[in-house]
There are 2 protein chains.
Amino acid sequence: MTLDNSLPTAVELQILRILWEHGPSPVRLIHSRLHAEKGTNYSTTVKMLSVMLEKQLVTRDENCSPMVYRAAMTRGIAGRRMIRNLVEKVYDGVAMNLVVHALKESKPTDKELEAVRKLLDEMEKRK
Amino acid sequence: MTLDNSLPTAVELQILRILWEHGPSPVRLIHSRLHAEKGTNYSTTVKMLSVMLEKQLVTRDENCSPMVYRAAMTRGIAGRRMIRNLVEKVYDGVAMNLVVHALKESKPTDKELEAVRKLLDEMEKRK
DNA sequence: TTGACATAGCGAATCGCTTCGCTACAATAG
DNA sequence: CTATTGTAGCGAAGCGATTCGCTATGTCAA
């Protein structure tokens with residue numbers, strides 16, 4: 001089995017997001033969201049889904065009608081791939097540089113800050 | 001003045017990286033790096049630079065010959081834009097989710113961990 | 001059955017990014 | 001001067017991603 005390293009493109013990501021948010025959905029539903037976001041045609045949505053099916057970015061259950069599509073990767077996996085890509089392309093492969101920038105970009109709550117601290121502790125222990 | 005929100009494309013980023021690493025450079029130098037990385041033609045490099053000039057991703061000094069190109073934005077700015085984009089597109093606008101993922105992606109040294117802790121402290125204070 | 005509407009698929013047009021061939025001109029060596 | 005080499009620019013081809021028109025089939029109500 002050859003695993004696909006390529007990142008989801010812009011529209012593909014938009015569709016994945018919809019699936020992540022709403023769970024497995026028929027085209028009709030996916031389309032209504034996509035249409036709301038950018039006014040695309042129904043055919044376009046169907047086509048994108050068939051392309052994504054080929055690329056194995058989504059799967060579908062063909063037994064029920066209308067067919068139900070679901071994301072083939074979690075939000076977490078997609079995010080990590082994109083992070084790895086960003087780190088490579090911009091931060092010379094040094095992820096910590098990105099972490100620092102991302103922190104500065106964020107407006108974390110106390111709770112979130114605490115969570116990150118705990119994560120740091122764990123990473124230190126696991127040496 | 002209209003500010004451009006669009007992100008650098010793949011090759012644009014490759015060229016920006018070269019400029020970030022080597023500082024202001026003539027086409028010849030930029031090309032030799034780009035060629036080493038992916039075997040592109042000299043014309044391609046020139047063309048890309050002219051496109052990037054239009055998009056204001058680079059500037060150039062036309063007084064000297066050969067002309068000298070320089071990145072119009074820092075690595076930091078570019079990185080932040082791309083982070084913002086990633087956070088929007090994948091993490092529902094919640095940057096901390098990205099921070100956590102990015103941390104897990106990284107293999108930080110003690111020093112780096114310490115730096116992040118300090119950053120967290122500062123962010124806490126600045127409330 | 002028939003008409004109206006929902007579902008699914010396919011090929012071709014379009015679009016933006018990338019690549020390159022060809023041309024032009026300047027600087028330099030012979 | 002003339003040939004060679006370095007620098008710069010432009011238009012169009014090529015490519016993958018995206019969009020859409022058209023067609024086919026399924027479903028359901030009258």
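Mentor: Happy to; we begin with the sheet and then move on to the DNA and the other chain.

A word on conventions comes before that. This is a predicted model, where local features need pLDDT of at least 70, side-chain atom pairs count only at pLDDT 80 or more, and totals for chains, interfaces and linings use all residues. Residues are numbered from 1 along each chain as its sequence is written, while chains are lettered from A and ligands numbered from 1 in the order in which they are written.

Now the sheet. Two strands pair if DSSP finds at least two bridges between them. In chain B, 3 strands form an open sheet in the order β1-β3-β2, with antiparallel pairing. β1 (25-26) and β2 of chain B are the edge strands, each with a single partner, so one side of each is left without a neighbour in the sheet.

Take the β2 side of that sheet. Strand β2 (residues 58-61) of chain B pairs with strand β3 (residues 68-71) of chain B over 4 bridges, in the antiparallel sense. A hairpin through 6 residues connects β2(B) to β3(B).

On the β1 side, β1(B) and β3(B) run antiparallel and are joined by 2 bridges. B:S25 has B:Y69 as its bridge partner, and B:P26 has B:V68. As for the faces of β3(B), B:Y69 and B:A71 make up the covered one, whereas B:V68 and B:R70 make up the uncovered one.

Strand β2 (residues 58-61) of chain A and strand β3 (residues 68-71) of chain A are antiparallel partners over 4 bridges. β2(A) and β3(A) form a hairpin with 6 residues between them, and A:T59 faces A:R70 in β3(A).

A residue is near a strand if its C-beta atom, placed from the backbone, lies within 6 Å of it. Around DNA strand C there are 22 residues, of which A:M67, B:T9, B:N41, B:S43 and B:K47 come nearest. α2 (27-38) and α3 (42-54) of chain A, along with α1 (10-22) and α3 (42-54) of chain B, are the elements that give two or more residues to this surface. α3(B) supplies the largest share, 5 residues. By class, the surface near DNA strand C has 9 nonpolar, 8 polar and 5 charged residues; Ala, Val, Leu, Ile, Met, Phe, Trp, Tyr, Cys and Pro count as nonpolar, Asp, Glu, Lys and Arg as charged, and the others, Gly among them, as polar.

B:K47 lies in helix α3 of chain B. With 12 C-beta neighbours inside 10 Å, B:K47 counts as exposed (buried means 20 or more other C-beta atoms within 10 Å, exposed 12 or fewer, partly exposed in between, with C-beta atoms placed from the backbone). The C-alpha atom of B:K47 is 47 Å from that of B:D121, 74 residues apart along the chain.

Around DNA strand D there are 23 residues, with A:T9, A:N41, A:S43, A:K47 and B:M67 nearest. Here α3(A) gives the largest share, 5 residues.

Finally, the two chains meet. In this model, 32 residues of chain B are in contact with 32 residues of chain A, where contact means C-beta atoms, placed from the backbone, within 7 Å. On the chain B side, α4, α5 (95-105) and α6 (110-125) each supply at least two residues, and α4(B) gives the most, with 11 residues. That side has 20 nonpolar, 4 polar and 8 charged residues.

Helix α4 (residues 75-90) of chain A packs against helix α4 (residues 75-90) of chain B at an angle of about 170 degrees, with their axes 11 Å apart. That makes α4(A) roughly antiparallel to α4(B). Axes are lines fitted to C-alpha atoms, for helices over the stretch in contact, and angles run from 0 to 180 degrees between N-to-C directions; under 35 degrees counts as roughly parallel, over 145 as roughly antiparallel, 65 to 115 as roughly perpendicular and the rest as oblique.

Key. Two residues are in contact if their C-beta atoms, placed from the backbone, lie within 7 Å.
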